[in-house]
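Me: I would like to go through this structure and ask what stands behind the labels. Please set each value against its cut-off.

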Amino acid sequence: NGGAGAGWDQQKGSGKNRGDEIVIGISKRQREVFVMIDRFIEENGYSPSMREIAAQLGMAAVSQASSCVDALEQKGYLARAKGKGRTIRLLVDCVR
């Protein structure tokens, strides 16, 4: 399994110290968005809306959340169905 998720599952299933990996290629804000989405899905069983991402991270506009999600999608960290809400799927283990 190559790509963005290669080597990131070494701690999978340990339940602790998850996500200590160094992430190359994403900004600090994109990392915050990724972690927020991961936690939201873990707690709720479905993905957050753009509005929820923006509110949770104190963003001034929903477009900021959308830009971060777009970037993460382009970089292969997540996928989503175009034109449908709450369809974000993480493609790599949490990068906390």
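Reply: The axes of helix H1 (residues 28-44) and helix H3 (residues 62-74) come within 9 Å and cross at roughly 90°. This is a predicted model, in which local features need pLDDT of at least 70 and side-chain atom pairs pLDDT 80 or more, while totals for chains, interfaces and linings use all residues. Residues are numbered from 1 along each chain as its sequence is written, and side-chain values use heavy atoms, with hydrogens and water left out.

Me: Why is H1 called roughly perpendicular to H3?
Reply: Angles of 65 to 115 degrees count as roughly perpendicular, under 35 as roughly parallel, over 145 as roughly antiparallel and the rest as oblique. The crossing is at roughly 90°, so H1 is roughly perpendicular to H3. The axes are lines fitted to C-alpha atoms, for helices over the stretch in contact, and angles between N-to-C directions run from 0 to 180 degrees.

Me: Which residues make the contact between H1 and H3?
Reply: Contact means heavy atoms within 4.5 Å. H1 contributes Arg29, Gln30, Val33, Phe34 and Ile37, and H3 contributes Cys68, Val69, Ala71 and Leu72. They divide into seven nonpolar, one polar and one charged. Here Ala, Val, Leu, Ile, Met, Phe, Trp, Tyr, Cys and Pro count as nonpolar, Asp, Glu, Lys and Arg as charged, and the others, Gly among them, as polar.

Me: How many aromatic pairs does the structure hold, and what makes Phe34 and Tyr77 one of them?
Reply: There are two aromatic pairs. Rings of Phe, Tyr and Trp (its six-membered ring) pair if their centres lie within 6.5 Å; planes under 30 degrees apart are stacked, over 60 edge-to-face and the rest tilted. For Phe34 and Tyr77 the centres are 6.2 Å apart and the planes at 80°, so this pair is edge-to-face. Phe34 lies in helix H1 and Tyr77 in the loop between H3 and strand E1 (78-79), 43 residues apart.

Me: What makes Phe40 and Tyr46 edge-to-face?
Reply: Their ring centres are 5.6 Å apart and their planes stand at 75°, so this pair is edge-to-face.

Me: How do you know whether Phe40 is buried or exposed?
Reply: Buried means under 20% relative accessible area, exposed over 50% and partly exposed in between (1.4 Å probe, protein chains only). Phe40 has 15% relative accessibility and so counts as buried. Tyr46, at 40%, counts as partly exposed. Both Phe34 and Tyr77 are buried.

Me: What does Phe40 touch, leaving aside its neighbours within four places in sequence?
Reply: Phe40, found in helix H1, is in contact with Gly45, Tyr46, Ser47, Pro48, Glu52 and Arg86. Arg86 is found in the loop between E1 and strand E2 (89-90). With a relative accessible area of 38%, Arg86 is partly exposed. Its phi is near 55°, a positive value in a residue other than glycine.

Me: Why is Ile88 called buried?
Reply: Ile88 has 8% relative accessibility, so it counts as buried. Its place is in the loop between E1 and E2. Beyond neighbours within four places in sequence, its contacts include Ile37, Ile41, Met50, Ile53 and Val69.

Me: Which pattern does the protein chain follow along the sequence?
Reply: The pattern is α-α-α-β-β, from three helices and two strands. Helices (H or I, at least four residues) and strands (E, at least two) are DSSP runs, numbered from the N terminus. Buried residues make up 33% of the 96 residues.
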